[in-house]
Amino acid sequence: MISDLITPTVLIGIASSGIRLATPYLYAAIGETFSQLSGVLNLGVDGIMLMGAYAGFYTTFRTGNPWLGLLTAIVVGGLMGLSMAFISITLQAVQGISGIGVYLFGLGMSDLLFKKTLGTVETVSGFSPIHIPFLSEIPVLGTIFFQHNILVYGAYILVPIATYILNKTTWGLKIKAVGQNPAAADSLGVSVAGVRYITVTLGGILSGVAGASLSIALLNVFQQNLTTGMGFIAVALVYFGGWRPSGVLLGSLLFSVVNALQVWVQVLGIPIPADFAIMMPYALTILALVFAVRKVEQPSSLTKPFERGQA
Amino acid sequence: MRLPERLRTTLRPSNWLGPLTPFLAALAAFVIGAIMLLLLGANPIEAYGAMIKGAFGSPNALADTVVKAIPLLFVGAGICIAFRGGVINIGGEGQLVLGALAATMAALNLRELPGWAIILISLILGTLAGAVWGFIPGALKAYLGVNEILTTIMMNQIAVQGMNYLLRGPLIDPEQIEHGSFIPQTARFPTSADLPRLVPTRLHAGAIIAVLIAIVVWVLLWRTTLGYRIRAVGLNPHASRRAGIRVERYAVLAFLLSGALTGLGGATQVLGVHHRMFTDGSATGFTGSAGFNGIVAALFGQLHPIGTIPASVLFGAMLVGANKMQRAIQVPSALITALNGLVVVFVVGSEIWRRNLARKREVEQMAKAAQTTAQEPGKQ
């Protein structure tokens with residue numbers, strides 16, 4: 001019954017899982033924020049996440065060291081980000097479609113490698129929870145906020161770091177300038193292609209970490225299509241959050257809390273159709289895109305390749 | 001020796017490289033695939049041989065290939081309209097699911113009607129459901145400026161959750177409840193509603209509908225004012241607006257038609273292949289990624305509905321061949337999904353050479369024109 005849901009244990013459980021499950025969205029969406037602010041829409045995030053998840057999992061499975069797994073996920077994510085940069089910046093391919101190509105590649109490749117090297121679903125002991133001294137002892141709040149693993153904390157620390165880089169550093173200004181007016185940035189000596197290469201590669205690295213956070217920190221398994229489209233949601237979260245890391249945080253939490261709610265509803269066997277609960281954030285995102293985001297200007301060169309002398 | 005002028009024009013790279021780019025892109029993808037096969041310890045020639053044999057080697061194999069190609073052609077024909085109209089519809093997965101769901105509800109509730117009536121009504125309802133699922137992102141894009149890539153992604157997910165809800169609840173096969181197995185699938189449709197088989201194989205009449213649709217789309221886009229306007233809006237919305245075309249209306253229409261054809265594809269799929277609706281919780285479980293692979297086929301067919309016909313057969317063959325290859329030499333069929341991704345990347349990535357060649361040709365022609373005028377000043 002629905003009253004089963006409103007007990008302290010369950011509510012704390014939902015809040016705590018909500019915080020945990022926002023991790024992959026946060027890494028991927030903040031990475032995507034950087035590349036979109038510089039003018040590149042990388043729609044291949046989900047494919048990169050899958051490759052990162054596989055790479056991280058397999059390395060951890062073989063070596064037993066999740067740090068090595070994380071490192072491999074970073075390298076693989078970075079390489080895929082670099083390829084996406086080459087395709088969309090140097091080759092100036094249509095970004096909405098080339099991203100689908102990168103997604104299909106990652107989806108197929110991670111499955112191929114999984115079937116060839118592992119064959120069956122295995123588990124690893126990934127990053128274990130770190131109870132932050134004193135803070136984790138606080139009743140309720142301690143359980144919700146301070147008993148997570150390192151990748152979860154990292155995702156939340158990334159939010160203020162990204163905000164700082166984007167708003168307070170020359171680097172952030174360059175990224176935004178390239179995204180808003182590449183011709184002007186170019187005339188002032190900023191390398192448009194250079195900045196975009198860096199942001200898209202960074203986006204790839206963070207997508208790789210996002211995938212690894214699933215396979216070696218949250219779920220500790222790998223299987224075919226592990227992300228089930230989370231990468232696409234991450235791309236939408238960037239719009240949802242109005243290209244601000246704080247907005248992305250809000251959107252990530254919305255999705256993850258609803259996911260957590262749905263998991264608990266199933267565990268407790270409460271007879272409400274959870275499918276509608278899962279539907280909610282997607283419908284909300286569309287509404288947010290219709291109403292809220294229209295007030296925020298999107299980077300004006302988003303999806304437009306830059307070429308000198310071409311208006 | 002100087003070649004005749006016409007032959008020289010034909011031989012110039014800018015004139016033959018264009019139509020060949022998709023093939024070069026596919027070739028590049030297959031070369032990379034061969035390298036991947038070698039790394040996996042498989043013999044590429046043997047692997048590709050198993051694929052070709054598996055896809056074309058017998059009447060049954062050929063029929064399976066065409067059956068796999070059918071949904072790709074429906075999606076691809078729709079994509080031709082959408083992309084030509086300047087809207088990016090990546091909501092194919094959701095539109096397929098919705099079309100199939102609408103057809104399923106019709107087929108299950110109209111058991112008493114004669115077979116042809118069930119089929120007709122199911123196909124029409126499937127088309128309408130797809131059209132609605134295309135209209136929403138189209139209208140949001142055209143009138144409110146909401147990015148259609150994002151809305152279609154969201155609408156894919158909404159369609160999947162709707163499907164899961166219906167198949168686990170109201171539409172579940174009563175037998176599943178009786179046996180307590182609760183597999184999320186509907187009852188089998190009345191056999192009278194099966195799309196007719198064409199030859200004694202799995203090949204069903206959906207193939208004919210799909211080819212007819214591709215021809216209709218070609219006529220629509222290149223032989224009617226409506227199609228001309230859709231293409232004009234896609235090529236240059238500003239100029240179209242100046243010319244008095246209502247740009248928003250045609251963008252919405254392109255999206256709606258694209259969704260409608262995809263929805264029809266979903267309906268054809270349940271009536272022709274599965275005869276019931278089922279889910280594994282994700283969109284791919286039902287669609288087999290046809291919503292995405294159809295985009296690949298359309299791009300490969302140069303966004304031309306007639307070109308999309310052989311392209312769909314080719315990608316259908318790859319899907320069927322990959323399964324046979326998996327059984328023959330134990331290379332996972334996921335290889336083909338990865339190669340499809342590479343084909344997309346290479347096709348859109350090689351556009352730049354085509355564009356540069358076209359630009360070069362334009363410059364050459366301008367230079368030539370300037371030369372002629374300079375040589376014959378009196379003629380001005």
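What follows is a working chat about a predicted model with chains A and B.

Q: Before we start, what are the ground rules for reading this one?
A: This is a predicted model, in which local features need pLDDT of at least 70 and side-chain atom pairs count only at pLDDT 80 or more, while totals for chains, interfaces and linings use all residues. Residues are numbered from 1 along each chain as its sequence is written, and chains are lettered from A and ligands numbered from 1 in the order in which they are written.

Q: And what do the scores say?
A: The model has an ipTM of 0.88 and a pTM of 0.87. For chain B the mean pLDDT (the predictor's confidence in each residue, from 0 to 100) is 89, and 93% of the residues of chain B reach 70 or more. Where pLDDT is low, the predicted coordinates should not be read in detail.

Q: What is chain A built from?
A: Chain A has 12 helices and 2 strands, where helices (H or I, at least four residues) and strands (E, at least two) are DSSP runs numbered from the N terminus. Along the sequence the pattern of chain A reads α-α-α-α-β-α-β-α-α-α-α-α-α-α. The radius of gyration of chain A is 20 Å, close to the 19 Å given by the globule rule for 311 residues, so chain A is as compact as a globular protein of that length; the radius is taken over C-alpha atoms, and the rule is 2.2 Å times the number of residues to the power 0.38.

Q: How far does its C-alpha trace span, and what share is buried?
A: The C-alpha trace of chain A spans about 65 × 45 × 40 Å along its principal axes. Of its 311 residues, 53% count as buried, a residue being buried if 20 or more other C-beta atoms lie within 10 Å of its own, exposed if 12 or fewer, and partly exposed in between, with C-beta atoms placed from the backbone.

Q: How do α1 and α9 of chain A pack?
A: Helix α1 (residues 8–37) and helix α9 (residues 192–218) of chain A pack at an angle of about 170°, with their axes 7 Å apart. That makes α1(A) roughly antiparallel to α9(A), a label for angles over 145 degrees, whereas those under 35 count as roughly parallel, 65 to 115 as roughly perpendicular and the rest as oblique. The axes are lines fitted to C-alpha atoms, for helices over the stretch in contact, and angles run from 0 to 180 degrees between N-to-C directions.

Q: Which residues meet there?
A: Among them are A:L21, A:Y27 and A:F34 in α1(A), and A:L202, A:I205 and A:L214 in α9(A); two residues are in contact if their C-beta atoms, placed from the backbone, lie within 7 Å. By class this contact has 14 nonpolar, 7 polar and 2 charged residues, with Ala, Val, Leu, Ile, Met, Phe, Trp, Tyr, Cys and Pro counted as nonpolar, Asp, Glu, Lys and Arg as charged, and the others, Gly among them, as polar.

Q: Changing topic, how many residues does each chain put into the A–B contact?
A: The contact takes 40 residues from chain A and 39 residues from chain B. On the side of chain A that touches chain B, α4 (95–117), α10 (230–240) and α12 (274–291) each supply at least two residues, and the largest share, 16 residues, comes from α4(A). The residues of that side divide into 26 nonpolar, 9 polar and 5 charged.

Q: Which residues of chain A does B:V345 touch?
A: Leaving aside neighbours within four places in sequence, B:V345 is in contact with A:I87, A:S98, A:G101, A:V102 and A:F105. B:V345 is placed in helix α16 (residues 334–349) of chain B, and it counts as buried because it has 28 C-beta neighbours inside 10 Å.

Q: What about chain B overall?
A: Chain B has 17 helices and 0 strands, and 52% of its 380 residues count as buried. Its C-alpha trace spans about 90 × 55 × 35 Å along the principal axes.

Q: Where is B:R84, and what does it touch?
A: B:R84 is in helix α4 (residues 59–84) of chain B, and is buried, with 24 other C-beta atoms within 10 Å. Not counting residues up to four places away in sequence, B:R84 touches B:L221, B:I230, B:R231, B:G234 and B:L303.

Q: Is B:Q330 buried or exposed?
A: B:Q330 counts as exposed, with 12 C-beta neighbours inside 10 Å. This residue is found in the loop between α15 (305–329) and α16 of chain B, and its phi is near 55°, a positive value in a residue other than glycine.
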